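Subject: Structure handover and notes

Dear colleague,

I am passing on the structure below, followed by notes on what was found in it. Please read the notes with the model open beside you.

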Amino acid sequence: MSKPAGFSQRCLHYAFDYQTPKTLVIPDIGVGCVFRFGQLLVLLYVVGYVCVVRKAYQETDSVISSVTTKVKGFAFTNTTDMDPRFWDVADYVIPSQGDNSFFVITNMVVTPNQTQSRCPEVPNPSTTCMDDCDCIEGHSDPRGNGIQTGLCENYSTTAKTCEVLSWCPLEIDTKLPEHALLASAENFTVLIKNSITYPKFNVHRRNILPHINSSYLKRCEFNRATDPDCPIFRLKNIVSEAGEDFKTWLCDLDWWAGKCYPKYSFRRLDSKHPVNNVAPGYNFRFAKYYKTQDGEETRTLIKAYGIRFDVIVFGTIPVVTDWFMLTCMRKRDRYRKQKVTNLNEDAETESVSGQSFSFTFYIPHCLQ
């Protein structure tokens, strides 16, 4: 063989030959017990903690959810401020067709028959006056109810306030009904329809399960013990059970995907502060507009108090990373087969020189 060829051959061997360590076998039971005990600890950690507890072999995906809600129920009120009135879904649920949140009115302050006119402001330190000089024409207070006209008028027999251009008569929201006008709202029910998808694994599910049909929906009501699959909830049960997040949807594809069911739970988000409970609850104003026979615009102003329901969906889907495991196994078998062959040849060579060695191999991960 020529020198250039021999040199090239040596370079190739230097670059691509793979060497493995030789391990000396120590025939000592004590040392062997320590070695096997260490192996057992590693095995327990990998199998028990990493695989069973942490499920590190799984790959996860986050949920994408679409929620719709539909409330049913009715109420009747008869107060001095309003004529006897029947309330249905279109009156007490805002918005009428909710997505992942809806608001149910339980109490209200009603100011009927308001018109665009002039009237004395509600008394407070910034609106009381002695004469017209205390009122500034055109002045408006963002916390007030209108634009001052520059006149000081009698609000009552004991108080005078600046006149304003506004919707009159003005709202007096300090007189909240002692008993909730729509207390029967606790018996309203809400149907929650939820569709989820895990796009990475093309998994789709609904909270209306396959065994649920129309006749079942007409008579079922969610009960954690007796009917946990029903998607219809009574509002008083939601309020009484409030304690955790509203809904969690966990799918584990180590098991059959058909066992991917939602679990419902409830929590009050605006928890009351035991000491500083300023501005508790949830309220807002809205108005209903009318036209009188002579064409004058009037409205009924409603300051609504109630409960806002937010449907929150959490979910993950773990699956086994089969490709990684199978690839590692295939490459490991190929590696072992090749090295055993080489070791046998090396062992024969070593035995000629009168030395005896045992070779062991530890493959801690997938060799590429």
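This is a predicted model, in which local features need pLDDT of at least 70 and side-chain atom pairs count only at pLDDT 80 or more, whereas totals for chains, interfaces and linings use all residues. Residues are numbered from 1 along each chain as its sequence is written, and side-chain values use heavy atoms, with hydrogens and water left out.

Binding-site positions

Under "binding site", an unreviewed UniProt entry lists K70, V71, K72, T189, N283, F284, R285 and K303; the positions are given in the numbering used here, feature names are shortened, and annotations may be inferred rather than shown by experiment.

K70 sits in strand 2, which spans residues 64-72. With a relative accessible area of 38%, K70 is partly exposed, where buried means under 20% relative accessible area, exposed over 50%, and partly exposed in between, computed with a 1.4 Å probe on protein chains only. Leaving aside residues up to four places away in sequence, K70 touches T189, V190 and L191, a contact being heavy atoms within 4.5 Å. For K70 and V190, a separation of 120 residues in sequence goes with a C-alpha to C-alpha distance of 5.4 Å in space.

R285 belongs to strand 14 (residues 282-291) and is partly exposed, its relative accessible area being 44%. Again not counting residues up to four places away in sequence, R285 touches E171, D173, L301, I302 and K303. Its side chain also makes a polar contact of 2.8 Å with the side chain of E171; such a contact is a pair of N or O atoms within 3.5 Å, where, within protein, one must be able to donate a hydrogen and the other to accept it, and where residues adjacent in sequence count only if both atoms are side-chain atoms.

K303 lies in strand 15 (residues 297-310) and, at 9% relative accessibility, counts as buried.

A buried asparagine

N207 is found in the loop between strand 10 (203-206) and helix 4 (214-219), and its relative accessibility of 1% makes it buried. The side chain of N207 reaches the backbone oxygen of I192 at 2.8 Å, while a polar atom of that side chain lies 2.8 Å from the backbone nitrogen of N194.

Disulfides and another cysteine

The structure holds 4 disulfides, each being a pair of cysteine sulfur atoms within 2.5 Å; I describe some of them here.

C119 is joined to C168 with an S to S distance of 2.0 Å, and the torsion about this S-S bond is about -75°, so the disulfide is left-handed. This pair links distant parts of the chain, with C119 in strand 6 (residues 101-120) and C168 in strand 8 (residues 160-168), 49 residues apart. Both C119 and C168 are buried.

C129 is joined to C152 at an S to S distance of 1.9 Å; here the torsion is about 95°, so the disulfide is right-handed. Because C129 lies in the loop between strand 6 and strand 7 (147-154) and C152 in strand 7, the pair ties together parts that are 23 residues apart in sequence. C129 is buried, with a relative accessible area of 7%, and C152 is likewise buried at 9%.

C220 is joined to C230 at 2.1 Å, S to S, with a torsion of about 65°, so this disulfide is right-handed. C220 and C230 both lie in the loop between helix 4 and strand 11 (232-234), so the pair ties together parts that are 10 residues apart in sequence. C220 is buried at 8% relative accessibility, as is C230 at 0%.

C133, by contrast, is in no disulfide, and the nearest cysteine sulfur, that of C135, is 9.2 Å away. At 73% relative accessibility, C133 counts as exposed.

Key
Helices (H or I, at least four residues) and strands (E, at least two) are DSSP runs, numbered from the N terminus.
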